[in-house]
Amino acid sequence: MNFDRLFMAPGYLAPCGWLVLALSWPSSAIAENSFAGAIPDREDRDMSFSMGSPLEARGDLTMKNAVRLALQHNPELAAFDKEIRALEGATLQAGLLRNPDLSVNVDNVGNMGISQRGGAPIGTSIKENVEQQDLIFRISQLIELGGKRSARVNAASLGQELAGKDFETKRLELIARVANTFMEVLAGQEQLRLAEESLQLAQSVVDTVKKRVQAGKVPPIEETKAGVAFSTTQIAQGQAQRELTAARKRLALLWGDTSPHFVKVLGNLESLTALPNFEALTEGVLASPMADRARKGIEHRKALLEVEQTRRVPNITIGGGMIKHWESGGTTGIVGLSMPLQFFDRNQGNVREAHQRVNKALDEQAATDLRLKTELVQAYETLSAVQNEITILRSEILPAAKSAFEVTNKGYELGKFGFLEVLDAQRTLFQNRVMYVRALANHHRLVNEIERLTAAPIDDIASASDDGPPDLQYKE
């Protein structure tokens, strides 16, 4: 994998290419073979999740550490892991043999008769037990025919693999959420810096206006206008601070912290990613865990259909035992064989239902592929437009807005421009800077979305495509 794009400086992780973390992280919950459908081992999963407080989330935070904290402490991902464990038990239960049945019967219990005992006066009778009871021991075993047990085990095993695909999908979604929220914090830090810089510029304008008012070069009303503009800039700075605080809390909540302990996030907001050709991305989408989950769902439904079809074959029950005759003192062996006569119920209703479930899974798989392609088209086209927007802002609009503000501000000091021109130039510069930061953040959000859909770093796909556009690297 290409790690050159990830590490811009020691301790820094580029915002794009976040999926490399998922592919290289040592925990089995995000092992390299996980995209092949492998289910994480229990011992490794036991070490992957800890609901304790992540006290290590202090100091400066990198993308790598943020992803690691979320994967270890996020309760939603832990819930999917518990589902895999539960289905391990279901697979075990499906393969167990049926228990034998033991029965003990006593015939003629309490059979009492009237008899004349010898020596008793005539006309006198007593009740005595007539020993004609039979004691019957019987043990029987159900024998499943038609491959029922193997069909159950196969269906349960596929259900467990299906849960593993759900785990992989949820893990990708969580990494994407962490990456997007991380970018919100990084962009929020930059917007706050721009707001503070704009506040300093507004303060310098206020100082310049005061000097000109005191010198009698402009009327006092311009000092009032400058104060209003300064207050507006203060409001913008406060809003940027609140947005950053909210983004920091959203990021910390992804690993269970109610309040963030990190100082700031580290990253290069202007490190942009090349856009591969659409065909290469489409292939990646159709090979992703989300698409594979739909295909695995078809296999699971077919396995459940096979289970229902095996139930059309009747089982047999064989048994044997002995009868103890108390009166004669003899013992007789018994052997039995029984099976249901499936004249009416041949499981035809469940088989028909299972057939329709297979057809439904086929439709769901087609719908999933269509949905993933639609989401890819939307993200791809939007990312292409955002890259064009960033290029124009970077090369044309921002230099022109900065130059206009500097010229206007200098001209105002010399009396060549009015205050309204200065105020308009200042507002235009700030707005375009904020627009540029938001476009950069939107670029990384769209890259994260494409990497979530393809389950692979977009840099790898770009390097593998022959006709992909050149890489974009913007630096001050």
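Colleague: Which strands each supply at least two residues of the nonpolar patch?
Modeller: Strand E2 (101–107) and strand E5 (134–143) do. Strands here are DSSP runs of E with at least two residues, helices are runs of H or I with at least four, and both are numbered from the N terminus.

Colleague: Which residues form that patch?
Modeller: Leu-102, Val-104, Phe-137, Ile-139 and Met-322 form it on the surface. Together they have about 470 Å² of accessible area. Such areas come from the Shrake-Rupley method with a 1.4 Å probe, and for residues only the protein chains shown count as cover. Patch residues have over 30% relative accessible area and no salt bridge; nonpolar side chains (Val, Leu, Ile, Met, Phe, Trp, Tyr) are joined within 5 Å, like charges within 9 Å.

Colleague: Where is Met-322 found?
Modeller: In strand E7. Met-322 is partly exposed, at a relative accessible area of 34%. Buried means under 20%, exposed over 50%, and partly exposed in between (1.4 Å probe, protein chains only).

Colleague: Before we go on, where does all this come from?
Modeller: This is a predicted model, where local features need pLDDT of at least 70 and side-chain atom pairs count only at pLDDT 80 or more, while totals for chains, interfaces and linings use all residues. Residues are numbered from 1 along each chain as its sequence is written, and side-chain values use heavy atoms, with hydrogens and water left out.

Colleague: Back to strands. In which sense do E5 and E7 pair?
Modeller: Antiparallel, over 10 bridges. Two strands count as paired if DSSP finds at least two bridges between them. Ile-136 stands opposite Ile-323 in E7.

Colleague: And what is the bridge partner of Ile-323 in E8?
Modeller: Thr-332. Strand E7 (residues 316–325) and strand E8 (residues 331–338) are antiparallel too, with eight bridges. Lys-324 also stands opposite Thr-331 in E8.

Colleague: How many residues lie between E7 and E8 in their hairpin?
Modeller: Five. Gly-329 sits in that turn with a positive phi of about 80°.

Colleague: Which residue has a positive phi although it is not a glycine?
Modeller: Asn-347, at about 65°. Asn-347 is in the loop between E8 and H9. Its relative accessibility is 11%, so Asn-347 counts as buried. Ala-455 also has a positive phi, about 55°, without being a glycine. Ala-455 lies in the loop between helix H10 (419–454) and helix H11 (458–464).

Colleague: New topic. How many residues are in the largest nonpolar core?
Modeller: It has 59. Those with the most contacts inside it are Leu-61, Val-178, Leu-251, Trp-255 and Val-265. Helix H5 (residues 148–214) gives the most to this core, 14 residues. A nonpolar core is a set of buried Ala, Val, Leu, Ile, Met, Phe, Trp, Tyr and Cys residues joined through side-chain atoms within 4.5 Å.

Colleague: What does Leu-251 touch?
Modeller: Not counting residues up to four places away in sequence, its contacts include Leu-61, Val-178, Phe-182 and Val-265. Contact means heavy atoms within 4.5 Å.

Colleague: Why would such side chains be buried together?
Modeller: In soluble globular proteins, nonpolar side chains tend to be buried together.

Colleague: How many salt bridges does the structure hold?
Modeller: It holds 23. A salt bridge is a side-chain nitrogen of Lys or Arg within 4 Å of a carboxyl oxygen of Asp or Glu.

Colleague: With which residue does Lys-296 form one?
Modeller: Glu-299, with the closest N and O atoms 3.6 Å apart. Both lie in helix H8 (residues 289–310), three residues apart, which is about one turn of the helix. Lys-296 counts as buried at 13% relative accessibility, whereas Glu-299 is partly exposed at 39%.

Colleague: What about Glu-375 and Arg-452, how far apart are their closest N and O atoms?
Modeller: They are 3.4 Å apart, in a salt bridge. Glu-375 lies in helix H9 and Arg-452 in helix H10, so this pair ties together parts that are 77 residues apart in sequence. Glu-375 also meets Arg-371 in a salt bridge, at 3.3 Å from N to O.

Colleague: Which residues are linked in a network of salt bridges?
Modeller: Glu-190, Arg-193, Glu-197 and Arg-433.
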